[in-house]
Amino acid sequence: MTAQTAQAAQATLDLVDAVAQQLADPGSVLLPAAHRQHLAHGLPGIALLHIERAAAGLGPWQRAHDWLAAASRAPLTSGPDSHPFYGAPAFAHALACAADHLPGTYRRALDTLDRQTAADAIRRVDAAHHRIDTGRLPALAEFDTIRGLSGYGAHLLRRDPDSSALRAVLGYCVRLTRPITQDGDTLPGWWTETGPSGRPDERFPGGHANSGMAHGVGGVLALLALAARYGTFVAGHGEALDRILTWLDHWEDDTGSGPVWPYWITRAELRAGHPAPSAPRRPSWCYGTAGLARARQLAALALGDTRRRLDAENALVAALTDPAQLKATRDNALCHGFAGLAHIAARAADDAHPSTSGRLRAVIPALLAAVHPPGTDPVHTATAIVQDEARGPGLLDGAAGIALALLATSAAAPPRSAWDACLLVA
């Protein structure tokens, strides 16, 4: 490591420490009541920052305990009103991250939450199969990472990879990938009749096929790939991976700077056979080339497909060095900003082919510099991030997620607490 690289890494750690200091006390953070149980915006997501720092020996476990206690002080929402990023399942993810490093701690609470999460997943799977049996199209919230069965699968894969609940989720994912016919059009099974918001949208007559990691088939692809890598398979597993990859291959667009994938495909684009021209879009985790490239890399690793693996890794390098795509990236968030891009690059580099791993790591310093320009006072930057009222202090859009991503990219090892398992990137 050069002196300049070491200095940059220390500056990043100083910023993470400053963010953690400003988020030390749960009582000092004001959040809307609707956000308190939310993994994306609320207390469980902020707890993850203190859990990861404690697991890495960079902060006290007491802070993690304090945030977990604050998150569980009021009754947790469970059942149909909860989802992987809200209520009991969201808290279960944070609690599991802590329990992994504190054997015996939280066992009773976590066992209860695991049972509840598995039961909720089974009920959702049963409802999804009934929906398919009756010929209706899915809602995004049926299968996506944030609200749906891909997110439940992420938790089950981590907590009990041999469980019947996980196999039920994976079996549903396989069925979701089978094509259907509607109004004379052959549609992928994840086609939804709404817009990307999950609500009817006149801009999407005939609905759309969503590609994103947060709300589309990217999350399904990543879950199936990770399960296969960890040795959990169901009937039709490989065929389902291939169907999603073939769909993405068809809709891949070459901008001249590298391949990109559209956020979604409309009915008009489906009938035309190609995506409509669009301005460059940010290559984020939630939507776009970065998240999908990581999902495709994971799928290629699961399938032992070296060519597809290299294609995915080269696509990620191209996206993260394309001035047009980087210009479209307007913030620092984990979900769709520079911190998230740096984190995906680091995760992909850990698994990359020797011919591409160095190139992936080489893009990270510029992404980190966009978050924390060299020479900037870390306390000043931390204050600006923490006090950003539009983005808040939470995981996906705000300070905790930015700090977690920066910590992961500055460390010599992957995250200690698997906090990013909820994103299906590892």
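These legends go with a set of close-up views of one predicted model. Because the model is predicted, local features need pLDDT of at least 70 and side-chain atom pairs count only at pLDDT 80 or more, while totals for chains, interfaces and linings use all residues. Residues are numbered from 1 along each chain as its sequence is written, and side-chain values use heavy atoms, with hydrogens and water left out.

**View A. Helix α2 against helix α3.**
Here we look at α2 (residues 43-55) and α3 (residues 61-71), whose axes come within 8 Å and cross at roughly 160°. Helices here are DSSP runs of H or I with at least four residues, strands are E runs of at least two, and both are numbered from the N terminus. Axes are lines fitted to C-alpha atoms, for helices over the stretch in contact, with angles from 0 to 180 degrees between N-to-C directions. That crossing angle makes α2 roughly antiparallel to α3 (angles over 145 degrees count as roughly antiparallel, under 35 as roughly parallel, 65 to 115 as roughly perpendicular, and the rest as oblique). On the α2 side, the contact (heavy atoms within 4.5 Å) uses L43, P44, I46, A47, H50, I51, R53, A54 and A55. Helix α3 answers with W61, R63, A64, W67, L68, A70 and A71. Sorted by class, the contact of α2 with α3 has 13 nonpolar, 1 polar and 2 charged residues. For that sorting, Ala, Val, Leu, Ile, Met, Phe, Trp, Tyr, Cys and Pro are nonpolar, Asp, Glu, Lys and Arg are charged, and the others, Gly among them, are polar.

**View B. Helix α9 against helix α10.**
The axes of α9 (residues 217-229) and α10 (residues 237-251) come within 10 Å and cross at roughly 140°. From α9 come V217, V220, L221, L224, A225, A227 and A228, which meet H237, A240, L241, I244, L245 and L248 of α10. The tally for this contact is 12 nonpolar, 1 polar and no charged residues.

**View C. Helix α7 under cover.**
Helix α7 (residues 149-159) is mostly covered, with 9 of its 11 residues buried (under 20% relative accessible area; over 50% is exposed and in between is partly exposed, using a 1.4 Å probe and protein chains only). The buried set is L149, S150, G151, Y152, G153, A154, H155, L156 and L157. Their cover includes α4 (88-99), α5 (107-133), α6 (140-143), α8 (164-176) and α9.

**View D. Rings around W264.**
F204 and W264 pair edge-to-face, 5.6 Å centre to centre with 80° between the planes. To pair, rings of Phe, Tyr and Trp (its six-membered ring) need centres within 6.5 Å; planes under 30 degrees apart are stacked, over 60 edge-to-face, and the rest tilted. The pair links distant parts of the chain: F204 sits in the loop between β2 (185-187) and β3 (208-210), and W264, 60 residues away, is in strand β6 (residues 264-266). Y263 and W264 also pair edge-to-face, at 5.8 Å and 75°. F204 and W264 are both buried, and so is Y263.

Beyond its neighbours within four places in sequence, S357 is in contact with A349 and A352. Not counting residues up to four places away in sequence, G398 touches R391, G392 and P393.
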